[in-house]
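Hi there,

Here is the structure I promised to pass on to you.

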Amino acid sequence: MMAATNKDNNIENVQFFEGAEKLLEIWFISSDIKNNRDLRHIPRHKWESLLKTVRCEIISFCRNDQIDAYVLSESSMFISKRRIILKTCGTTTPLQCLEPLLNLAQSVAGFDEVENIFYSHKNYKRPELQTSPHQAFEEEVALLDTFFPDGEAYCLGSNDADCWYLYTLSREKSTIIDEEPDQTLEILMTHLDAEVMAIFKRSACSSASLATEKSGISQLIPHMIFDDFLFEPCGYSMNGITKSGSYMTIHITPEPEFSYVSFESDVSEVSYKEIINRVLNTFKPGKFMVTIFANKESVSANCPQELKQLDYIQNNKDWLRKDVQYCQFKNYDLTCAFYSKFPS
């Protein structure tokens, strides 16, 4: 997953790696309601074939009764009954798998409709190194529109140097099934602390489990079963799952010239204040952005407005909020905010 680095630490001798992930999440439904509809019925070799079009592969796997979690050569994939999350970094091409994915969902799992889709990513450091259709958001939107004509595209943030792109559907709530509570926290961090990043190099830790413990990742969210991987010579990925089917995933590019850490989880919380503080204290970023998606059935739906606006971060004098935006879609609310270390 991560870039190989020469012994010479000069930036000219460091092979660039794009840590920022492309995140594709799709919720499926079927007009023919049957209890045995399940994306996990799709056999592993079908997923392996599909991932070849994305330009990545499975390197580790864990599961329980609620969710299947795959660590990939470039980030992660999660499969539950009617939801797939595919999160890939580097120069992967996740949108190239849309056609085979929709075909698999229908032919094997029995889902013939897409209820929700979310496709997002932070702006890339080196977009010119991406492969079509990922060199420009406009190109990604054009492809997505061929599959989802009623999709909508957004760019959140104050400038092109620090922004977040989102493509989503805004359909009316489904009447076919009861809506499930759903909320997701994502924290994307850059300009990371050098001592923290050193943990995720083979020269500092001999195993992924040691890096997980030494860094404090194991303490971020309780009751997680971990599946972690430490790359050679550096870089780290982990998936965590709970018995209830919640997940946590972290991916780390530790090279100082382009350090990057992503944290994501769908654990159910009225407020993410404590989790956000633990994540920031663990990785000590110089800059980060936070997104929180929550549907009307989630426990955070009725939380105070100040929590939705993440004022508890703004009130911490260590951080300067550069921008915050709050969006209301038909089924979901979104908060997106950007921060930098104070003073900037």
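This is a predicted model: local features need pLDDT of at least 70, side-chain atom pairs count only at pLDDT 80 or more; totals for chains, interfaces and linings use all residues.

Residues are numbered from 1 along each chain as its sequence is written, and side-chain values use heavy atoms, with hydrogens and water left out.

The structure holds 16 aromatic pairs. Rings of Phe, Tyr and Trp (its six-membered ring) pair if their centres lie within 6.5 Å; planes under 30 degrees apart count as stacked, over 60 as edge-to-face and the rest as tilted.

Take Phe288 and Trp319: their ring centres are 4.8 Å apart and their planes stand at 90 degrees, so this pair is edge-to-face. It links distant parts of the chain, with Phe288 in strand β14 (residues 287-295) and Trp319 in strand β15 (residues 319-328), 31 residues apart. Strands here are DSSP runs (E, at least two residues), numbered from the N terminus. Both Phe288 and Trp319 are buried, meaning under 20% relative accessible area (1.4 Å probe, protein chains only).

Now look at Phe293 and Phe329. Their ring centres lie 6.5 Å apart with planes at 25 degrees, so they are stacked. Phe293 is in strand β14 and Phe329 in the loop between β15 and β16 (332-341), 36 residues apart. Phe293 counts as buried at 11% relative accessibility, and Phe329 is buried at 12%.

Enjoy exploring!

Notes:
Helices (H or I, at least four residues) and strands (E, at least two) are DSSP runs, numbered from the N terminus. Buried means under 20% relative accessible area, exposed over 50%, partly exposed in between (1.4 Å probe, protein chains only).
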